[in-house]
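The briefing below starts from one local feature and then widens to the fold as a whole.

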Amino acid sequence: MSTADRIKELLRPTGEEDALAVEYPSPRLRVEPAQAATAVAAVFALLAGWVMLRPGPPEPPEPQWDAAAEATPAPEQVVVSVVGEVANPGLVTLDQGARVAQALEIAQPYPHADLVALNQAQLLVDGQQIHVQAIGAAPPPGAPDAPGAPGAPGLVSLNTASAAELTTLPGIGEATAAAIVAHREANGLFTAVEQLMDVKGIGPAKFEALKDQVSV
């Protein structure tokens, strides 16, 4: 037997050796089961509080309708038609804000023209027709009130009333009155009171309350 084999034989364990006594140090931290349950409950409570108190996503701003922004912008000039007892009948172009009197200055009414029947201070509306009649003459049968002339007694004229006058009607506020004026300027004069329902903010119910108090 070689020396190396002899050494291995001598070092081979026989099972009768004494166990090595090892002392393990006691743990520095010891968590009791009750303490662990309390800690877990505290963590869950903190998470629940954070979920309940955290701010939610910001609400989107509410849309706001701007009547002035949606209204059709008025043209810089107006074109009106002057007919009847005038020396220069036809179309007259004036700056926005002009009045009936300025159109009559250009049309030159005859001496027998009935100017008292016309509201010469009325603001002109693009597409308006001014019918100048002779003194004592009656309007054509079945014809609506001529723009520029007084409307039916006690009624508000949709074609001549200002926004302030329109607000005297039931259910018509400043925004709806402005919408009526804007519709009149964009589409021409009203030819029937039923056209009020084409104006934004006026439905069948509101029209029923207005139809007997307005004229064209």
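Strand 1 and strand 2 form a hairpin, with five residues between them; helices (H or I, at least four residues) and strands (E, at least two) are DSSP runs, numbered from the N terminus. The model is predicted, so local features need pLDDT of at least 70 and side-chain atom pairs count only at pLDDT 80 or more, while totals for chains, interfaces and linings use all residues. Residues are numbered from 1 along each chain as its sequence is written, and side-chain values use heavy atoms, with hydrogens and water left out.

**The sheet**

- Strand 1 (residues 77–84) and strand 2 run antiparallel and are joined by six bridges, where two strands pair if DSSP finds at least two bridges between them.
- Glutamine 77 has aspartate 95, in strand 2, as its bridge partner.
- Three strands make up an open sheet of mixed pairing, in the order 2-1-3.
- Strand 2 (90–95) and strand 3 (129–132) are at the edges with a single partner strand each, so one side of each has no neighbour in the sheet.
- From one strand to the next, the twist averages 30°.
- Helix 4 (residues 100–107) packs on this sheet and touches strand 1, strand 2 and strand 3, and its direction makes about 130° with that of strand 2; axes are lines fitted to C-alpha atoms, for helices over the stretch in contact, and angles run from 0 to 180 degrees between N-to-C directions.

**Helix 6 and its surroundings**

- Helix 6 (residues 174–187) has 14 residues and reaches 20 Å from its first C-alpha to its last, close to the 20 Å expected at 1.5 Å a residue, the expected span being 1.5 Å times one less than the number of residues.
- Its buried residues are Thr176, Ala177, Ala179, Ile180, Val181, Ala182, His183 and Arg184; buried means under 20% relative accessible area, exposed over 50%, and partly exposed in between (1.4 Å probe, protein chains only).
- Helix 5 (163–166) and helix 7 (204–210) are among the elements that cover the buried residues of helix 6.
- Glycine 188 follows helix 6 and has a positive phi, near 90°.

**Asparagine 159**

- Asparagine 159 is found in the loop between strand 4 (156–157) and helix 5, and it counts as buried because its relative accessibility is 4%.
- Leaving aside neighbours within four places in sequence, asparagine 159 is in contact (heavy atoms within 4.5 Å) with Gln122, Val125, Arg184, Leu189, Phe190 and Val216.
- Asparagine 159 and valine 214 are 55 residues apart in sequence, and their C-alpha atoms are 9.8 Å apart in space.

**Annotated spans**

- An unreviewed UniProt entry carries the annotation "domain: Helix-hairpin-helix DNA-binding motif class" for residues 164–183 and 194–213; UniProt positions are given in the numbering used here, feature names are shortened, and annotations may be inferred rather than shown by experiment.
- Residues 164–183 are 65% helix and 0% strand, with the end C-alpha atoms 16 Å apart.
- Residues 194–213 are 35% helix and 0% strand, with the end C-alpha atoms 12 Å apart.

**The whole chain**

- The protein has seven helices and five strands, which follow the pattern α-α-α-β-β-α-β-β-α-α-α-β along the sequence.
- Of the 216 residues in the protein, 24% are buried.
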